[in-house]
Every structure is written in structure tokens, then in C-alpha cells.
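Dear colleague,

I am handing over to you the structure shown below, together with its sequence. My findings follow it, and I would be grateful if you read them with the structure open.

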Amino acid sequence: MKKLWLAVIALSFIALTINAQEFNYIGVKKCSMCHKTEKQGSQLSIWEGSAHANAYKTLTTAEADKIAAEKGFKTKAAETKECLVCHATGYDLPASRMEKGFEVSAGVQCETCHGAGKDYSPMKVMKDQAASVAAGLVVWADDKAIEAQCRTCHNEKSPTYKEFKFAEMYEKIKHNVPTE
């Protein structure tokens, strides 16, 4: 059991280290080219039906601007780093790291959790998990690791925080590839 935990910790560290490298973002439209079918787990439609897909859009509302102002920010919510950090992928990246078609307005999208996809998106790379991870794909070791990632935004620091029930919320966005 100890060896298993050491392996999990090592894989998590490797995933985080690789994620820190500067891979480019391609955006949800390119991810969706392969991740929209039932065979692949209908990831696109699950994401489109989630609050994550509208995370940026919520920042463009009068209510979001009101909350930002109440928190003492001088800019609109959609222009405030403290809001964007959890509502938009790649909001602070230079244009050179965003491939054609990438849109910050896509909100919390595929690459928020799975890493910038340009280098692992080609089919020949995606078919080899080790190669995908080496190219920037983030693979979470288990539900605890996923929960920890979720809680980087779903926490008491959020101005609109409500109790976060990981198991319940994860069921809404879970999008595994079905096994036969």
C-alpha cells in the first residue's frame, strides 16, 4: 500500500511539473472535434450543459460587476484578475501561448483541468498516455486529486461561495470514456 501511495504522489508531482511547462492552448472547439461522441463519453455536451461553460459569461453580468465593486475592485468583473482566475482559462497568458481559435470567453474549459492541449491533441499522441502526459496532458491520480483541483476555485475565497459538495458536483461534470 505504501508503494501505491508513493507512486500516486510521484505521478501527481510529474503531472504538476509537466503542467507548469509552457504548452500552448488550443481551445474547446479543437478538443470537441474528438470529444463529442457517445463513444468518447459525450464530453462536449456534458461541458456545454455545465456551469463551467458559462463561467466567463457570468462575469459579464451586472450582478458580477456589483459583486466586484462590493469587494473593492475598480474594474468590471470580466476585467478583474481575482475573478478571471476561476472563471476563464488562459486569461493571463501571452497571445503566443494561445493557438488560433482559442477563446478566453469559453470559460472553464477542457484545458483548465487537462492542461494546454496543443502538443497532446494529435491522435497519435493521444493514443499513448505516457506520450500525452509528456506533452502536457494532466491525468488526475484519483478523485481526491480531482477534488483538490476543484477546490482551488470552489472555496471560501470566492465571493459567491456556497458549500461545495464534491461528490454531488463531480457527478454533474464527470465525463469518462465509457469502458466496454
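The largest nonpolar core in this predicted model consists of eight residues: Leu59, Ala64, Ala68, Ala77, Ala78, Cys83, Leu84 and Ala88. Two elements, helix 5 (62-70) and helix 6, each give two or more residues to this core. To follow one of the core residues in detail, please select Leu84. Leaving aside residues up to four places away in sequence, Leu84 touches Tyr56, Leu59, Ala77, Ala78, Glu79 and Tyr91.

Next, the cysteines. A search of the whole structure finds one disulfide. A disulfide is a covalent bond between the sulfur atoms of two cysteines. Here, Cys86 is joined to Cys153, with an S to S distance of 2.2 Å. The two partners come from distant parts of the chain, 67 residues apart: Cys86 belongs to helix 6 (residues 81-87), whereas Cys153 lies in the loop between helix 10 and helix 11. Why is the disulfide of Cys86 and Cys153 called left-handed? The reason is that the torsion about its S-S bond is about -90 degrees. Cys86 is partly exposed, at a relative accessible area of 24%, and Cys153 is also partly exposed, at 25%.

Cys31 takes part in no disulfide, for the nearest cysteine sulfur, that of Cys110, is 3.9 Å away, and a disulfide requires sulfur atoms within 2.5 Å. With a relative accessibility of 15%, Cys31 counts as buried. Cys34 is in no disulfide either; the nearest cysteine sulfur to Cys34 belongs to Cys31 and is 9.0 Å away. Cys34 counts as partly exposed, with a relative accessibility of 36%.

Which residues are closest to its centre? Of the 41 residues that line the second largest pocket, they are His35, Gln43, His114, Leu137 and His175. Several helices give two or more residues to the lining, among them helix 2 (28-32), helix 3 (43-48), helix 7 (110-114) and helix 11 (166-173). By type, the lining residues of this pocket comprise 24 nonpolar, 13 polar and four charged.

Yours sincerely,
A colleague

Technical notes:
Residues numbered from 1 in each chain as written. Predicted model: local features only at pLDDT ≥ 70, side-chain atom pairs only at ≥ 80, totals over all residues. Heavy atoms only, no water. 1 Å grid on protein atoms, 1.4 Å probe; cavity = no way out; pocket = protein on both sides within 12 Å on 5 of 7 lines; lining within 4 Å. Helix = DSSP H or I, 4+ residues; strand = E, 2+ residues; numbered from the N terminus. Nonpolar A, V, L, I, M, F, W, Y, C, P; charged D, E, K, R; others polar. Buried < 20%, exposed > 50% of the residue type's maximum accessible area, 1.4 Å probe, protein only. Core = buried A, V, L, I, M, F, W, Y, C linked by side-chain atoms within 4.5 Å. Contact = heavy atoms within 4.5 Å.
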